[in-house]
Amino acid sequence: MVDKAATVKVLVNSLKNVVNAFVPSGKIMQMVDEKLPSMLGNFPGPFEEEMKGIADVTGIPLGEIISFNIFYEFFTMCTSIITEDKKGHLLHGRNMDFGIFLGWNVNNNTWTVTEDLKPLTVNLDFQRNNKTVFKASSFAGYVGMLTGFKPGLFSLTLNERFSINGGYLGVLEWILGKKDAMWIGFITRSVLENSTSYEEAKNILTKTKLLAPAYFILGGNRSGEGCVITRERKDALDVYELAAKQGRWYVVETNYDRWKNPLFLDDRRTPAKMCLNRTTQENISFAALYDVLSTKPVLNKLTVFTTLMDVTRGRYETYLRDCPDPCIGW
């Protein structure tokens, strides 16, 4: 973490600049620095201790480290895909898109926060007794998880879901003292750390009360073990599973309910499905999945990294991305 401290400060300053652009008085950031640390006792372990440690190492005020972690609950615009080939072998890929409306650099046509996140991207190997428990791709300074897999067991990605009953209400309830729901980045990490099967992970992700709506994209280690769990804060609206024998050899999730049309300005779902159909089940592979995730607008100016996972073979790869012009902003 020490070697990333200066880069974390750059990102936090970018976020502060965005906030101060809307509230020039600086009172919002003053409140963050003064009030948020008093709420720390409400975070479950080990997240509280880790945020304190990050603040100590980086020299960044604890309130800003907390807000940095909360911030990930609201600005993820992602694409996740699970595929099953003719032999029943599963692959899981995702584009991590992040930073929409958080500062556009007119000089090089990029999102400021998206570019700040790239040098903070890290591959993590969580170990217990010198043995890997799970692997993940994340951002230095963030204690939750959005992308990861448990070798031989399951893979998991998290996509944001927009809803009227959204995460802002959940955070407000939490601040006001209602602590019966889980932060989505924390539950994802908890499942990766503690669950021992695809079915156990699916059960937890389907039933646990959350602070924010979300999509959990979960893959297993055998034919048919792949699904998109569409979550409201209190319960699951839908669990859409692979069914290769019925022709559903892939599932695709961006940031819209599968039974609704995506926003016409942000349709990544249709191009992704078109590419998969052209690839065919016979030809799906790591390289083919990477190509699908490299197709514009699935790849766009918000894309920080692409991760590819093969649970059965223990293969996990993450690539930092750039989207050369002409490229859509999201």
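Leaving aside neighbours within four places in sequence, with which residues is Cys323 in contact? In this predicted model, in which residues are numbered from 1 along each chain as its sequence is written, local features need pLDDT of at least 70, side-chain atom pairs count only at pLDDT 80 or more, and totals for chains, interfaces and linings use all residues. Side-chain values use heavy atoms, with hydrogens and water left out. With those neighbours set aside, Cys323 is in contact with Lys296, Leu299, Asn300 and Lys301, contact meaning heavy atoms within 4.5 Å. Cys323 is found in the segment after strand E14 (315-320); helices (H or I, at least four residues) and strands (E, at least two) are DSSP runs numbered from the N terminus. The relative accessible area of Cys323 is 7%, so this residue is buried (buried is under 20% relative accessible area, exposed over 50%, partly exposed in between; 1.4 Å probe, protein chains only). Lys118 is 205 residues from Cys323 along the chain, and their C-alpha atoms are separated by 13 Å.

An open sheet contains 7 strands in the order E5-E6-E7-E8-E9-E10-E11, with antiparallel pairing; two strands pair if DSSP finds at least two bridges between them. E5 and strand E11 (236-241) are the edge strands, each pairing on one side only. On average, and with direction ignored, neighbouring strands of this sheet are turned by 15° against each other. Strands E5 (residues 121-128) and E6 (residues 131-139) run antiparallel and are joined by 8 bridges. Gln127 has Thr132 in E6 as its bridge partner. The hairpin of E5 and E6 has 2 residues between the strands, and Asn129 takes a positive phi near 55° there. Strands E9 (residues 214-219) and E10 (residues 226-231), also antiparallel, are joined by 6 bridges. Within E10, Val228 stands opposite Ile217.

Two helices pack on this sheet. H7 touches E5, E6, strand E7 (147-150), strand E8 (154-160) and E9, and its direction makes about 180° with that of E8. H8 touches E8, E9, E10 and E11, and its direction makes about 15° with that of E10. Axes are lines fitted to C-alpha atoms, for helices over the stretch in contact, and angles run from 0 to 180 degrees between N-to-C directions. H7 is largely enclosed by the rest of the structure, because 8 of its 11 residues are buried. The buried residues of H7 include Phe186, Ile187, Arg189 and Val191.

Helix H7 (residues 184-194) also packs against helix H8 (residues 198-207), at an angle of about 160° and with the axes 10 Å apart. H7 and H8 are therefore roughly antiparallel (angles under 35 degrees count as roughly parallel, over 145 as roughly antiparallel, 65 to 115 as roughly perpendicular and the rest as oblique). Their contact is made by Ile187, Val191 and Asn194 of H7 and by Glu200, Ala201, Ile204 and Leu205 of H8. Glu199 also lies in helix H8 and, at 45% relative accessibility, counts as partly exposed. Between Glu199 and Phe154, 45 residues apart in sequence, the C-alpha to C-alpha distance is 9.4 Å.

Helix H3 (residues 47-58) and helix H4 (residues 62-71) pack at an angle of about 125°, with their axes 9 Å apart. H3 is therefore oblique to H4. The contact involves Met51, Lys52, Ile54, Ala55 and Thr58 of H3 and Leu62, Ile65, Ile66 and Asn69 of H4.
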